[in-house]
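Q: Could you walk me through how to read a few features of a protein model? I'd like the general idea and then the actual case.

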Amino acid sequence: MQSLLKMSRGIDAFTKWTGKRLAWLILIAVVVSAVNAIIRKTFDVSSNSWLELQWVLFSMVFLLCSPWTLLDNEHIRIDIVNNMLPKRVRNSIDIMGHVFFLMPLAIVMIITGIPFFLRSAEINEQSGNAGGLPQWPAKSLIMIGFAFLLVQGISELIKRIAVMRGLIPDPHASQVHALEAEVEHLVEAIEKR
């Protein structure tokens, strides 16, 4: 199990490193969007490639940073119900969710995403919009993003099993979610009145 945990730490480091760098693409997408809007309003000139670039940048962040979201335990779940359950039940739900939902979905998306990308790259598929971007780079994001998510899912599964066996402390035990922190902040502000 120690070698699996070592592999998990390596996966986590890669995921965090990748996520922190790719998250900056949101800022670039906002700048591209703002500049495009200003040019369109000021000079009455527009470019489909700049519009499509915004979508591709957002897609890159959404697909390639989703493993970082999983790593930081910020993925969607029903926290009110989840927090009322005993730790062992929560851990079991996480394991079942990873094994029966996350990993099969990721595998299906990779398997179907590869031919989807290859067909597009083979014909050098271009946008249907005049002056648009090639489509195959954006289509490659599907298989890459889900491959990253599958690998991070494996890492999370290894850690969850190790936590249940008592081999490592729960990496999310002391984590305060953003919503919980906001509620605490609001309660403090109300009490000060």
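Q: Let's start with lysine 159 and glutamate 156: buried or exposed?
A: Both lysine 159 and glutamate 156 are buried; that label means under 20% relative accessible area, while exposed means over 50% and partly exposed is in between (1.4 Å probe, protein chains only). Glutamate 156 has a relative accessible area of 6%. Keep in mind that this is a predicted model, where local features need pLDDT of at least 70 and side-chain atom pairs count only at pLDDT 80 or more, but totals for chains, interfaces and linings use all residues. Residues are numbered from 1 along each chain as its sequence is written, and side-chain values use heavy atoms, leaving out hydrogens and water.

Q: What do lysine 159 and glutamate 156 form with each other?
A: The general idea is that side chains of opposite charge can pair when their charged atoms come close. Here the two form a salt bridge, with the closest N and O atoms 2.8 Å apart. The term needs a side-chain nitrogen of Lys or Arg within 4 Å of a carboxyl oxygen of Asp or Glu. Both partners sit in helix 7, 3 residues apart, which is about one turn of the helix. Helices here are DSSP runs (H or I, at least four residues; strands are E, at least two), numbered from the N terminus.

Q: Which residues are linked with Glu156 in a network?
A: Asp12 and Lys159 join Glu156 in a network of salt bridges. Glutamate 156 also touches Leu70, Leu71, His98 and His172, besides Asp12, if you skip residues up to four places away in sequence. Contact means heavy atoms within 4.5 Å. For another view of the fold, glutamate 156 and leucine 5 are 151 residues apart in sequence, yet their C-alpha atoms are 10.0 Å apart in space.

Q: How many salt bridges does a search of the whole structure find?
A: The search finds 4. One of them joins the side chains of arginine 160 and aspartate 94, at 3.8 Å from N to O. That pair links distant parts of the chain, with arginine 160 in helix 7 (residues 136–164) and aspartate 94 in helix 6 (residues 87–122), 66 residues apart. Arginine 160 and aspartate 94 are buried.
Another salt bridge pairs glutamate 125 with lysine 139, at 2.7 Å between the closest N and O atoms. Glutamate 125 is in the loop between helix 6 and helix 7, and lysine 139 is in helix 7, 14 residues apart. Glutamate 125 is partly exposed at 23%, whereas lysine 139 counts as buried at 15%.

Q: How do helix 2 and helix 3 pack?
A: Two packed helices are described by the angle between their axes and the distance between the axes. Helix 2 (residues 25–43) and helix 3 (residues 48–64) pack at about 165°, axes 9 Å apart. The axes are lines fitted to C-alpha atoms over the stretch in contact, and angles run from 0 to 180 degrees between N-to-C directions.

Q: Which residues make the contact of helix 2 with helix 3?
A: Among them are Leu25, Ile28 and Val32 of helix 2, and Trp50, Leu57 and Phe58 of helix 3.
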